[in-house]
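Please keep the sequence and the three-dimensional view at hand while reading.

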Amino acid sequence: MLNRYNFRLLKIEMEQSPKSQRLLADLQREITIRNIVVEKGIVRFSITRANLQKLRRIRKRYKVKLKITAIQDMSLEGALE
């Protein structure tokens with residue numbers, strides 16, 4: 001049961017900046033990032049809940065504010081709009 005919980009998706013939002021681009025580059029080396037969308041100065045992507053601890057550790061290095069939201073259903077098309 002806990003295994004399914006760890007693979008639920010989280011939607012991450014942050015402002016686009018040089019720091020956020022470096023944060024994304026570091027994240028892509030360590031975890032799988034899905035559906036990266038850059039729109040109107042905001043970067044949106046999704047990760048699994050199991051990788052949340054790694055995201056927070058890397059985020060602290062760059063001091064970038066993040067908005068983390070749980071995605072209710074497993075389809076990403078409706079969640080990122």
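This is a predicted model: local features need pLDDT of at least 70, side-chain atom pairs count only at pLDDT 80 or more; totals for chains, interfaces and linings use all residues.

Which residue in S4 is the bridge partner of glutamate 13? The partner is lysine 67.

The protein chain contains three helices and four strands. Of the 81 residues in the protein chain, 36% are buried. The chain exposes about 5,700 Å², and carbon and sulfur atoms supply 48% of that area.

The four strands form an open sheet, in which the order is S2-S3-S1-S4 and the pairing is antiparallel. At the edges are strand S2 (34–39) and strand S4 (67–70), each of which pairs on one side only. On average, and with direction ignored, neighbouring strands of this sheet are turned by 20° against each other.

Strand S1 deserves attention next. S1 is joined to S3 by seven bridges, and the two strands run antiparallel. Within this pairing, leucine 9 stands opposite threonine 48 in S3. S1 is also joined to S4, by four bridges, and here too the strands run antiparallel. The pairing of glutamate 13 with lysine 67 in S4 has already been named; isoleucine 12, in turn, stands opposite isoleucine 68 in S4. S1 is mostly covered, since six of its seven residues are buried.

Helix H2 spans residues 18–30 and has 13 residues. From its first C-alpha to its last, H2 reaches 19 Å, close to the 18 Å expected at 1.5 Å a residue. The buried residues in H2 are Ser20, Leu23, Leu24, Asp26 and Leu27. Why can these buried residues of H2 be said to line one face of the helix? Seen down the axis of H2, they fall within an arc of 165°, and therefore they line one face. On the other side of H2, Pro18 and Arg29 are exposed.

What do the buried residues of H2 pack against? They pack against strand S1 (9–15), strand S3 (42–48) and helix H3 (52–62). As for its placement on the sheet, H2 lies across S1, S2 and S3 and runs at about 150° to S1.

Two lysines in loops complete the picture. Lysine 40 is found in the loop between S2 and S3. Although lysine 40 is not a glycine, its phi is positive, at about 55°. Lysine 40 counts as exposed because its relative accessibility is 80%, and the cut-off for exposed is over 50%. Lysine 63 lies in the loop between H3 and S4. The phi of lysine 63 is near 55°, again a positive value in a residue other than glycine. With a relative accessible area of 67%, lysine 63 is exposed.

Notes
Residues are numbered from 1 along each chain as its sequence is written. Side-chain values use heavy atoms; hydrogens and water are left out. The expected span of a helix is 1.5 Å times one less than its number of residues. Buried means under 20% relative accessible area, exposed over 50%, partly exposed in between (1.4 Å probe, protein chains only). The arc is that of the directions from the helix axis to the C-beta atoms. Contact means heavy atoms within 4.5 Å. Two strands pair if DSSP finds at least two bridges between them. Axes are lines fitted to C-alpha atoms, for helices over the stretch in contact, and angles run from 0 to 180 degrees between N-to-C directions. Accessible areas come from the Shrake-Rupley method with a 1.4 Å probe; for residues, only the protein chains shown count as cover.
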